[in-house]
Amino acid sequence: MTETAIIVVAAGSGTRLGRGVPKAFATVAGAPILEHALRGLAAVDARLLVVVPAGLEADASAIAERAGVAAHVVVGGATRADSVAAGLAAVGDARWVLVHDAARALTPAAQVERVIAALREGASAVVPVLPVVDTVRSVEAARHSEGDVLGPIVDRAALRAMQTPQGFDAALLRRAYAAADAMGASTDDAQLVQALGEPVAAVRGDELAFKITTAADADRAESLLGPAIRVGIGADVHAFGGDGPLRLAGLEWEGPGLEGHSDGDAVCHAIVDALLGAAGLGDIGSLVGVDDPQHAGAHGEVFVRAAVARLAEHGWRPMNVAVQVLGVRPRIGSRRDEAQRALSAMVGAPVSVSGTTTDGLGAIGRGEGVQAVATALIRR
Ligand code: CTP
Ligand code: MG
């Protein structure tokens, strides 16, 4: 049995965000809020259940796949408590259940781990909390508007803001929800457990686990996640003199080949560096197994596809790539369309190829080798 299940509630309508789509499906930094939330849970050892509005089950599955997680999709209810209950009914035999707001999309995995660790150490209900930073006052006539009549200041040192995931012994949470049927909707699961007279432990929360509620929160998430489009550059040079045939831009050409541990395809290698560089994921040397004996003579395509897969693991996909080949031979123009087709298929996005000579200058100009320079544009 899986020890831990995480119910990610994502069935809210997002009224306060006001995007006109259920909040978890609204785009922030190039991806739905739910995708960011699930990506943050990918490294956690737990079964994931995602609770979504009816009709969005297939979208939720596609989002989970893009986030690189396996998630069981459940249809939610009218209130957050209804949605948690729907998730709880589908949890199965997990020992611990965490309930997490999809809207807390930037929650660090370390926070999730702190909650799980507290459960392992014996707590049966755990909540991540943050100190309250603002001076807080109660209101005598609560109208939730500027017309409120202010009461006394509440000592903020005695206050904590609740975050998620909140973690529970599964049986205890079931009992709390069964008892809560009569109590109406709650937006805090620990409160229901506390109503049973059970203690609730606190662990440290994180400012990054803030809940995306309003447009200003979405802007903050957007800036924390960084730009959704990035550019990268890569270059490579190989000398003529290899044993094999000439391989360049994913094609085989007439004449002697290029040197290199792999097939010496400088075009593919430059593309790999441009893609990895754009995503901030290092260069071809950091792709597993480039120097591996099993990759002796490997075609450039192997590395390009590995780079695209590495990007996907980190939530990036290529938009387009442009490569320029410097050299005396081969003549790129003669097979440009073929090269572009081959490279586009590898990258999964349009690749354009141009060729130029160096007017006879330098080693490249003397025909001693081939140089390639690539730029890549990628999106989150
Ligand atoms: N939630 C849910 N089912 C509901 C209501 C809320 O699963 N019927 C989830 C939301 O998707 C969110 C979390 O509970 O991840 C916290 O709720 P909230 O921030 O209030 O989200 P919304 O209810 O969508 O937003 P709003 O209140 O502005 O409509
Ligand atoms: Mg709500």
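**Entry 1, largest pocket.** I sorted the lining of the largest pocket by class and got 9 nonpolar, 12 polar and 8 charged residues. For the classes I took Ala, Val, Leu, Ile, Met, Phe, Trp, Tyr, Cys and Pro as nonpolar, Asp, Glu, Lys and Arg as charged, and the others, Gly among them, as polar. I note that this is a predicted model, where local features need pLDDT of at least 70, side-chain atom pairs count only at pLDDT 80 or more, and totals for chains, interfaces and linings use all residues. Residues are numbered from 1 along each chain as its sequence is written, chains are lettered from A and ligands numbered from 1 in the order in which they are written, and side-chain values use heavy atoms, with hydrogens and water left out.

The lining has 29 residues, and Arg16, Lys23, Arg80, Asp101 and Lys211 lie nearest the pocket centre. A pocket here is an open set of points on a 1 Å grid over the protein atoms alone, where a 1.4 Å probe fits, with protein on both sides within 12 Å along at least five of seven lines; lining residues have an atom within 4 Å of a point. I read a volume of about 660 Å³, that is, the space filled by probe spheres set on the points, which are joined across faces, edges and corners.

What takes up the largest pocket? Ligand 1 does, by the test that more than half of its atoms lie within 2 Å of the grid points. I found 18 residues around ligand 1, with Val9, Thr15, Lys23, Ser83 and Lys211 nearest (a heavy atom within 4 Å counts as near). This shell holds 6 nonpolar, 7 polar and 5 charged residues.

I then looked up polar contacts (pairs of N or O atoms within 3.5 Å). A polar side-chain atom of Thr15 lies 2.6 Å from an oxygen atom of ligand 1. A backbone N or O atom of Ser13 is 3.1 Å from a ligand oxygen atom, and one of Ala103 is 3.3 Å from a ligand oxygen atom. The protein buries 88% of the 560 Å² that ligand 1 exposes when taken alone (Shrake-Rupley method, 1.4 Å probe).

Terms used
Polar contact = N/O pair within 3.5 Å; in protein donor to acceptor, adjacent residues only side chain to side chain.
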